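Please read this briefing alongside the sequence and the 3D view.

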Amino acid sequence: MSAAELIVNGERIEAANYRRFHGRRIEATIAALRKLGARRLVELGGHPWVMTSAFLDDGGLEIAATVSAEEITNWPDEIGVMRRDYRMKTLGGREVSFPNYSANVERTRFAIEEQPDTVIACEIIEHLVRAPHIMLLNINQWLPLGGKLLITTPNGAQFSNPLRRNSARPAYRCNVYARHNGALTLAQLVDLVELSGFAVRESGFWDVYERSGASQIYAALAKLPLSYFQEKFQRTLFLAAEKQSEVTELPRLPKCYMPSAQWELIQQTGGTTKALELEE
């Protein structure tokens with residue numbers, strides 16, 4: 001069996017295309033984790049496991065656990081929490097095992113047995129359907145004070161296709177976790193993370209995907225030394241934060257949320273209620 005194969009629970013994972021498309025992002029993520037001083041990780045959304053493999057082959061990082069509901073493609077809010085061991089042969093040929101939690105991370109509050117120093121949610125928050133703050137409250141619960149958080153997500157403020165007339169809305173996919181359901185601006189992401197008990201240490205933009213054709217001009221525009229061009233032409237947001245306080249309920253509605261009295265784990269205010277009445 002080739003050491004270049006990625007095997008998870010006895011199943012061969014096709015890794016070549018994913019590595020080709022996401023390779024620069026994975027390298028940037030590992031560099032960011034080194035800068036944070038991360039050692040013991042909980043990774044959200046491991047599937048298709050290529051970045052997990054890269055972490056394990058790095059040598060300086062340990063996977064304490066992963067959180068991935070990959071076993072279920074069409075599921076209700078409550079799917080329960082299941083912990084079981086996963087076995088992996090990495091692309092570097094290492095034989096490893098780690099626990100995976102299958103759960104609806106944006107609807108279910110749950111504890112984990114492991115004690116990480118860092119939690120990463122890379123290219124995850126854009127796939128969440130309804131309540132990303134609950135994912136962040138889970139992460140807050142799992143980390144000690146001073147524990148680190150790293151998030152990357154597509155830049156919701158970018159001009160994704162200014163030279164074409166196609167809709168910017170993603171094409172329909174086979175299940176909700178195969179498509180992007182939301183896109184945050186950097187200011188919205190910072191607001192959401194800070195409300196969840198974290199102090200943002202660094203945030204900004206990455207341009208880590210190859211471009212082709214006319215869109216190559218966007219890469220040049222993204223490098224211009226003005227924040228406007230970075231915001232509109234760099235494709236990925238990154239945010240590194242540190243847990244500052246224990247938070248089990250947000251003190252107010254995040255800027256990216258629609259006003260409603262039905263939000264769970266968010267303190268309701270008169271302003272929220274008034275906004276809801278105006279909507280109606």
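The notes below go through helices, loops, strands, aromatic rings and a pocket.

This is a predicted model, in which local features need pLDDT of at least 70 and side-chain atom pairs count only at pLDDT 80 or more, while totals for chains, interfaces and linings use all residues. Residues are numbered from 1 along each chain as its sequence is written, and side-chain values use heavy atoms, with hydrogens and water left out.

- Helices (H or I, at least four residues) and strands (E, at least two) are DSSP runs, numbered from the N terminus.
- Helix H2 covers residues 50-58, and its buried residues include Val50, Met51, Phe55 and Leu56; buried means under 20% relative accessible area, exposed over 50%, and partly exposed in between (1.4 Å probe, protein chains only).
- Glycine 59 follows H2 and has a positive phi, near 95°.
- Helix H3 spans residues 132-142 and contains histidine 133.
- H3 is mostly covered, with 10 of its 11 residues buried; among them are Pro132, Ile134, Leu137 and Trp142.
- Histidine 133 counts as buried because its relative accessibility is 0%.
- The C-alpha atom of histidine 133 is separated by 7.2 Å from that of glutamate 106, and the two residues are 27 residues apart along the chain.

**Loops and backbone geometry**

- Proline 48 is in the loop between strand S3 (40-44) and H2, and a cis peptide bond with omega of about 10° joins histidine 47 to proline 48.
- Tryptophan 49 is found in the loop between S3 and H2; its phi is positive, about 75°, although it is not a glycine.
- Tryptophan 49 has 1% relative accessibility and therefore counts as buried.
- Glutamate 123, in the loop between strand S7 (118-122) and H3, also is not a glycine and has a positive phi of about 60°.
- With 13% relative accessibility, glutamate 123 counts as buried.
- Serine 215 sits in the loop between strand S9 (198-206) and helix H5 (216-222), and is buried with a relative accessible area of 17%.
- A polar atom of the serine 215 side chain lies 2.6 Å from the backbone oxygen of serine 212.

**Strand S5**

- Arginine 84 belongs to strand S5 (residues 82-89) and is partly exposed, with a relative accessible area of 35%.
- The C-alpha atoms of arginine 84 and proline 99 are separated by 5.4 Å, with the residues 15 apart along the chain.

**Aromatic rings**

- Rings of Phe, Tyr and Trp (its six-membered ring) pair if their centres lie within 6.5 Å; planes under 30 degrees apart count as stacked, over 60 as edge-to-face and the rest as tilted.
- The count by this rule comes to 12 aromatic pairs.
- Tyrosine 86 and phenylalanine 98 form a tilted pair, because their ring centres are 6.2 Å apart and their planes are at 40°.
- That pair links distant parts of the chain, with tyrosine 86 in strand S5 and phenylalanine 98 in strand S6 (residues 95-102), 12 residues apart.
- Both tyrosine 86 and phenylalanine 98 are buried.
- One aromatic cluster is formed by Phe159, Tyr218, Tyr228, Phe229 and Phe233.

**Second largest pocket**

- A pocket is an open set of points on a 1 Å grid over the protein atoms alone, where a 1.4 Å probe fits, with protein on both sides within 12 Å along at least five of seven lines; lining residues have an atom within 4 Å of a point.
- The second largest pocket has a volume of about 320 Å³, a volume being the space filled by probe spheres set on the points.
- This pocket is lined by 17 residues, and those closest to its centre are Pro132, Gly182, Leu184, Cys256 and Tyr257.

Technical notes: A polar contact is a pair of N or O atoms within 3.5 Å; within protein, one must be able to donate a hydrogen and the other to accept it, and residues adjacent in sequence count only if both atoms are side-chain atoms.
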